[in-house]
Amino acid sequence: MKIVPNGMLRGASILAICLFASAVQAQQVTLSLLTDVAPEVVARAEALVADFEAANPDISIEMETRPGGAEGDNLIKTRLATQSMTDLFVYNSGSKFQSINPDRLLVDLSAEPWQADIQPSFKTVVTSIDGAVRGAPFATSSAGGIFYNTRVYAELGLEVPKSWEQFMANNQTILDAGEAAPVIQTYKDAWTSQILLLGDYFNVQAAKPDFAKLYTEGQEKFATEPTALRSFEKLQELHDAGFLNENYASAGYDDGLRMLANGEGVHYPITSGALRAIATTYPDLLGDIGFFPIPGDNAEINGLTVWMPQAVYIPNTTSNLDAAKKFVAFVASPAGCEALKRAGGGSGPFLVAGCELENAPPAVSDMLPFFENGHNSPALEFLSPIKGPALEQITVSVGSGIMTAAEGAALYDEDVRKQAQQLGLPGW
Amino acid sequence: MEGKRLFSTAGKGLRGSARYPYWLFTPAALIYVALFLFPTVASLYFSLTRWSLFDSTFIGLDNFAQFFREPFLIKGLVNTLIFAAITSVLKVVLGLGCALLLTSHIIARGYLRSVIFFPVVVSAVGVGITFTVLMEPTGVINSTLALFGVTGPGWLIDPNLALISVALVDVWKGVGLATVIYIAGIVAIPKDYFEAARIDGATPWQNFLYVTLPLCRPATVTIVILNIIGGLRTFEMVWAMTGGGPGFSSDVVASVIYKQYQSGFYGLSTAGNVVLFVFIMVLVVPLTTWLNRREGHE
């Protein structure tokens, strides 16, 4: 009978209609689900919702979207704080999950039966400080690194680079050929500017294995640790060498995907969410996209930076807890994986037991060896609760030549300090 | 006796004390306390805490120390002043020009007056979004320039130009208000001055320089003051057009504060608002007092 929405106050006629409706559709429950507006996320949500509603005719789900990036973070925090959050919402795992007070605002899902099927590596990134697991994976694991156009590579006879030096040499060859931009950057969507830096974390931890721990304790800084500063320097080098597409300042994420898919640009540092978007928008060109991790300075040490997917959460304020839990259980089941496969396939191994990746596009096949041989590391935001909120503006500044790498790193350390203090971490 | 009592009651009423009972004042007072006084006092308190909207830890003046250490606060302040200066000067010059034109005998004067005022009533965010599209590197503005063989700049993506572009759009939107204020000022100038000037054989330029301009001074002052206050708390236009970017290059004080709020640094951004509040008060209170005194002299 929960369908009657404040019907009493809206006059007798509306009340009568509502009563009639609830008499017809007994026990009908409507849930609301908030996701971000990126096409691949919406496609996944639609597929999951469609399959779930087919399996549960008594529950219907209304979808809402929100902007991505800092605007979206703000919206999530505000809606949670004002107790106006939807029954279910999809949001980042890792440090951003920690920044929304999960221990107080989200429903504890540790005791749900499906937890046994979830990869432990994922559980750690949706576990709040009190040790309770509060989310289920809304996609497969993925990776951040350099997606490249294999057609252009074949035409120019280039080889996949193993070191930063080789990568820069490839860029020079592409630039000299004059047909395409060597590296695509899309600063209109500022969040895309961070990926080169975040995806370089494998190289940071390879040189400095305890960086995440010391960074969380405030002992290690980006500006003073040379391997961490190196990530900022790479961003600056690409700009200074003139390797970026001409319209890097005004191009957006969608432009970047288009340029990569049709070969106007050759390398695009981005996360594998891009593959799902390309599968949706340019399905014929998906076969032309390959992947390699962001190269380090040593060709011997080559590995992948892994991203944990967004998760679906239930806020404490929901009035339909049982129905919401049913949906989360569905997302975390093999049936949920089937829906995800239909919505553009996986971008890395599934995190739910009993789900196998099929027909992976070439770029995912390029990643799989790193998942299997252990040459991978989660990105820093999954190893530490601290991520400075101004990073995307800082990386835009460094990547546009407004700021040097050293200035950007120092500024980011300051940003990180504020976030650590806000989180109330010891030692700051 | 009768008359005396009447007189004294009237006198009391004139002093305005006990004519209406105080409780009539309570609804207004409640709204004022609930919507203005309470939030103001509460924000003073929260600016001294690290606040997560659920709990707050008292940290003294740390937020203020942090706010003044914000790397882009100084740049934001400078940008705010540049923005206020550009918009004030251009609105005064263009507004006066348009007002002169629209007070002379030209065709379709009433129509032109409403056209120039139209942007003032449109929402700043709507104007911002529209101009963001027009100002794209291959947008309408640059395509038009290209017809004349001019290569248009990246209006909003060139870090050196972004703030100026936003200011120009703000001028486009606000010049109508300046024009209307000037029209009122010009129309209010007594005809005698112009007649006297004509008898003395003044040229139109001298007419403008020695009659219109000095007698429009109150209008000019009003426009400048309105603009300085508006410029200091500029936010919507900047946020809609550049979000403070590229990077931090078009950040103004209000967008720095908003980003802190957006990042969940609620205490810090409240401290920023307290600083902005004090800053505007310090500028505006003496300015208003000075202006009021001046008007009294004239």
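The following legends describe close-up views of a predicted model. Local features need pLDDT of at least 70, side-chain atom pairs count only at pLDDT 80 or more, and totals for chains, interfaces and linings use all residues. Residues are numbered from 1 along each chain as its sequence is written, chains are lettered from A in the order in which they are written, and side-chain values use heavy atoms, with hydrogens and water left out.

**View 1. The largest nonpolar core and F89(A) within it.** This core has 106 residues; a nonpolar core is a set of buried Ala, Val, Leu, Ile, Met, Phe, Trp, Tyr and Cys residues joined through side-chain atoms within 4.5 Å. Buried means under 20% relative accessible area, exposed over 50% and partly exposed in between (1.4 Å probe, protein chains only). The residues with the most contacts inside the core are L88(A), F89(A), F222(A), F232(A), L238(A) and F327(A). Another core, of 25 residues, lies apart from it and includes I184(A) and A277(A).

View 2. L31(A) is buried, with a relative accessible area of 0%. Leaving out residues up to four places away in sequence, L31(A) is in contact (heavy atoms within 4.5 Å) with residues including I59(A), I61(A), L88(A) and A323(A). The C-alpha atoms of L31(A) and L88(A) are 7.5 Å apart, although 57 residues separate the two along the chain.

**View 3. The interface of chain A and chain B.** Each chain contributes 28 residues to the contact. The buried area, which is the accessible area (1.4 Å probe) that two parts lose on being put together, summed over both, is about 2400 Å², with 56% from carbon and sulfur atoms. The rule finds 1 salt bridge across the interface, a salt bridge being a side-chain nitrogen of Lys or Arg within 4 Å of a carboxyl oxygen of Asp or Glu. R69(B) and E414(A) form a salt bridge at 3.6 Å, N to O. On the side of chain A that touches chain B, α19(A) gives the most, with 8 residues.

**View 4. R417(A) in helix α19 of chain A.** R417(A) counts as buried, at 19% relative accessibility. Its side chain makes a polar contact with the side chain of Q66(B) at 2.7 Å; a polar contact is a pair of N or O atoms within 3.5 Å, and within protein one must be able to donate a hydrogen and the other to accept it, while residues adjacent in sequence count only if both atoms are side-chain atoms. Beyond residues up to four places away in sequence, R417(A) touches W428(A), Q66(B) and R69(B).

Note on methods:
Helix = DSSP H or I, 4+ residues; strand = E, 2+ residues; numbered from the N terminus.
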